[in-house]
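Please read it with the structure open.

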Amino acid sequence: MSKVQYIPVGNEEQLFTAAYKQQLPVLLKGPTGVGKTRFVEHMAHELGRPLITVACHEDLTAADLIGRFILKGNETVWQDGPLTTSVKDGAICYLDEVVEARSDTVVVLHPLTDHRRELNIERLAVSLKAAPEFMLVLSYNPGYQTLLKDLKASTRQRMVAMDFDFPPMEVEKRVLTEIYDIEPGLAQNLVQLAAAMRRLEAPGLSEVVSTRALVSTGKMVKEGVTPRDAGVATMASALSDDPQVIAGLTSLVEQYL
């Protein structure tokens, strides 16, 4: 996997590496857009392992992960799913927003997350032993998910949990300038604007501005869009459909950009 630039905030690299070496699954918790996926991509490169990512959704079935029989010509053949491929090849399998998947789908992960490290494939009547290098990584946003979609304790307690949040202002500015080559003055204004937005408690504002949104703003400015217009498009209008909320966010954008 190609190198992915990542600026650590704490000891997350050490924790992830220790879990990998001890064949322990990892759970990444945190808001959207704080760098969970980039971190996994970075660590896959650092550990020299292929990465297979699955974006989970409410229609994701166990067969989608494990595999299924398909028609190929006049024959019925088995096709491995991404989880089975990861288990066989010793890849890092990253299930992004895992609580969006059906609960019966998550259950199939349990034998892979304890001492057995096995994947049961009922349709083939086999149990695959995971390659030594295989690693399972799950992520979700606990602030966004409803209680009905929380991760069960029986799954949580099997994981090495790591909490991600918005980085400190100095780190967030480094992300903008060093990774995305955003002009330092604009980057400083963007992180200050983000800090102000994240302090808001407005009805109809279920999400706060992410680092990803700041990057998008900077990229728009690179293409000649004014900072004010870029900020309104990537933050104010993107975060809400409520005219009053958008107006309030736009006012903040105009103060900082």
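This is a predicted model: local features need pLDDT of at least 70, side-chain atom pairs count only at pLDDT 80 or more; totals for chains, interfaces and linings use all residues.

1. The expected span of a helix is taken as 1.5 Å times one less than its number of residues. Helix 11, residues 243–256, has 14 residues. Its first and last C-alpha atoms lie 20 Å apart, close to the expected 20 Å.

2. Overall content. The protein chain holds 11 helices and nine strands. Its C-alpha atoms fill a box of roughly 65 × 40 × 35 Å along the principal axes. Of its 257 residues, 45% count as buried. The accessible surface comes to about 13,100 Å², and carbon and sulfur atoms account for 50% of that. Among contacts with a separation of 6 or more, 70% are between residues 24 or more positions apart.

3. The largest nonpolar core. This core has 26 residues, and those with the most contacts inside it are L83, L95, V98, L109, F134, L136 and L138. At least two residues each come from helix 3 (62–66), helix 4 (82–89), strand 5 (92–96), strand 6 (118–121) and strand 8 (135–140). Strand 8 gives the most, with three residues. L136 touches P25, V26, L83, C93, L95, L109 and T113, leaving aside residues up to four places away in sequence. In soluble globular proteins, nonpolar side chains tend to be buried together.

4. Faces of helix 11. Which residues of helix 11 are buried? They are V245, L249, T250, L252 and V253. Seen down the helix axis, these buried residues fall within an arc of 160 degrees, so they line one face of helix 11. P243, Q244 and Q255 are exposed on the other side. The cover over the buried residues includes helix 8 (184–198) and helix 10 (227–239). At the start of helix 11, a side-chain oxygen of D242 comes to within 2.8 Å of the backbone nitrogen of Q244.

5. T250. This residue of helix 11 has a relative accessible area of 12% and is therefore buried, the cut-off being under 20%. T250 touches R228, V232 and A236, not counting residues up to four places away in sequence.

6. Helix 2. The 12 residues of helix 2 (36–47) should span 16 Å at 1.5 Å a residue, and the end C-alpha atoms are 16 Å apart, which agrees. Buried in helix 2 are K36, F39, V40, H42, M43, A44 and L47. These buried residues pack against helix 1 (12–21), strand 1 (26–29), strand 2 (51–55), strand 5, strand 8 and strand 9 (160–163). G48 follows helix 2 and has a positive phi, near 70 degrees.

7. D104. D104 and L60 are 44 residues apart in sequence, with their C-alpha atoms 9.9 Å apart in space.

Note on methods:
Residues are numbered from 1 along each chain as its sequence is written. Side-chain values use heavy atoms; hydrogens and water are left out. A nonpolar core is a set of buried Ala, Val, Leu, Ile, Met, Phe, Trp, Tyr and Cys residues joined through side-chain atoms within 4.5 Å. Buried means under 20% relative accessible area, exposed over 50%, partly exposed in between (1.4 Å probe, protein chains only). Helices (H or I, at least four residues) and strands (E, at least two) are DSSP runs, numbered from the N terminus. Contact means heavy atoms within 4.5 Å. The arc is that of the directions from the helix axis to the C-beta atoms. A polar contact is a pair of N or O atoms within 3.5 Å; within protein, one must be able to donate a hydrogen and the other to accept it, and residues adjacent in sequence count only if both atoms are side-chain atoms. Accessible areas come from the Shrake-Rupley method with a 1.4 Å probe; for residues, only the protein chains shown count as cover.
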